[in-house]
Amino acid sequence: MKNSVLQTSFYLLLILIISNFFPTNAETCRPSGHIIGRKPPPGQCMENSDSLCCIPHKLYSTYKCSPPVSANTNATLTINSFQKGGDGGDPSKCDNQYHSDDSPVVALSTGWYKNGERCRNFIKIHANGRSIKAMVVDECDSSMGCDKDHEYLPPCQNNLVVASKAVWEGLGIPVTNWGEMPVTWTDA
Ligand SMILES: *[C@@H]1O[C@H](CO)[C@@H](O)[C@H](O)[C@H]1NC(C)=O
């Protein structure tokens with residue numbers, strides 16, 4: 001038992017050392033796996049439209065990594081409600097709380113969420129010639145999806161900043177354009 005733990009640690013160390021010799025590998029974010037969409041049980045997918053729910057038999061890539069963070073990290077900004085009764089479902093993962101639509105908060109894709117390391121940190125989001133600071137409160141899970149825990153929604157893309165209404169307002173985006181747009185962000 002102890003031996004196998006030692007062996008595992010040794011191999012992990014080896015992988016760590018080897019990967020450091022090839023820094024380009026660290027810059028590339030490849031899928032960690034794939035999942036096959038399942039038909040949600042009736043009324044189980046939280047999206048009313050159903051258009052975002054997992055499509056049966058469709059292959060979805062999963063990611064545990066996200067692109068490297070820089071001074072202006074490219075991302076896709078999407079919208080979500082972190083309020084109680086909002087489309088976000090459960091309370092936010094960082095603090096087990098709900099957050100008002102009027103509060104600038106975001107969820108980050110798994111790699112950027114970094115196992116909670118960015119929780120309660122602020123990031124600065126740039127778009128439309130403006131910028132706004134928003135607090136990280138949740139994860140958008142890129143590593144899993146299409147199951148009950150993820151409301152039968154596909155895994156998130158690995159480059160998402162999922163933002164509350166307040167962020168879209170703060171960036172001065174007309175309501176008619178809310179939904180999805182390219183932005184850049186950095187740690188604030
Ligand atoms: C970020 O996006 C811009 C505009 O689409 C592009 O020109 C640039 O190469 C991207 N940067 C990275 C690091 O992907």
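Colleague: Which residues is Ile125 in contact with, leaving aside its neighbours within four places in sequence?

Modeller: Bear in mind that this is a predicted model. Ile125 is in contact with Leu77, Ser131, Ile132, Ala134, Val161, Val167, Leu171, Val183 and Trp185. A contact here means C-beta atoms within 7 Å.

Colleague: And what makes the group around there a nonpolar core?

Modeller: The members have to be buried residues of the nonpolar kinds, joined through C-beta atoms within 7 Å. The largest such set has 29 residues, and Ile125 is among those with the most contacts inside it, along with Val106, Leu108, Ala134, Val161, Ala163 and Val167. Several elements each supply at least two residues, including β3, β4, β5 and α4. β6 gives the most, with 6 residues. There's also a second, separate core of 5 residues, which includes Cys53, Cys54, Cys146 and Tyr152.

Colleague: Why is Tyr152 called buried?

Modeller: The cut-off is 20 or more other C-beta atoms within 10 Å. Tyr152 has 22 C-beta neighbours inside 10 Å, so Tyr152 counts as buried. Its place is in the loop between β6 and β7, and its phi is near 60 degrees, a positive value in a residue other than glycine.

Colleague: Asn96 has a positive phi too, near 55 degrees. Is Asn96 buried or exposed, and how do you know?

Modeller: To be exposed, a residue needs 12 or fewer other C-beta atoms within 10 Å. Asn96 has 9, so Asn96 is exposed. You'll find Asn96 in the loop between β3 and β4.

Colleague: What share of the protein is buried, then?

Modeller: Buried residues make up 31% of the 188 residues.

Colleague: Now the strands. How do you know that β4 and β7 pair?

Modeller: The requirement is at least two bridges between the strands. β4 and β7 have 3 bridges, in the antiparallel sense, so they count as a pair. If you want to look at a bridge, Leu108 has Val161 in β7 as its partner. Both of these residues are among those with the most contacts inside the largest core.

Colleague: What do the strands build overall?

Modeller: A closed barrel of 6 strands, running β3-β7-β4-β6-β5-β8 with mixed pairing. From one strand to the next, the twist averages 45 degrees. In total the protein has 4 helices and 8 strands.

Key: Residues numbered from 1 in each chain as written. Predicted model: local features only at pLDDT ≥ 70, side-chain atom pairs only at ≥ 80, totals over all residues. Contact = placed C-beta atoms within 7 Å. Axes fitted to C-alpha atoms, helices over the stretch in contact; angles between N-to-C directions.
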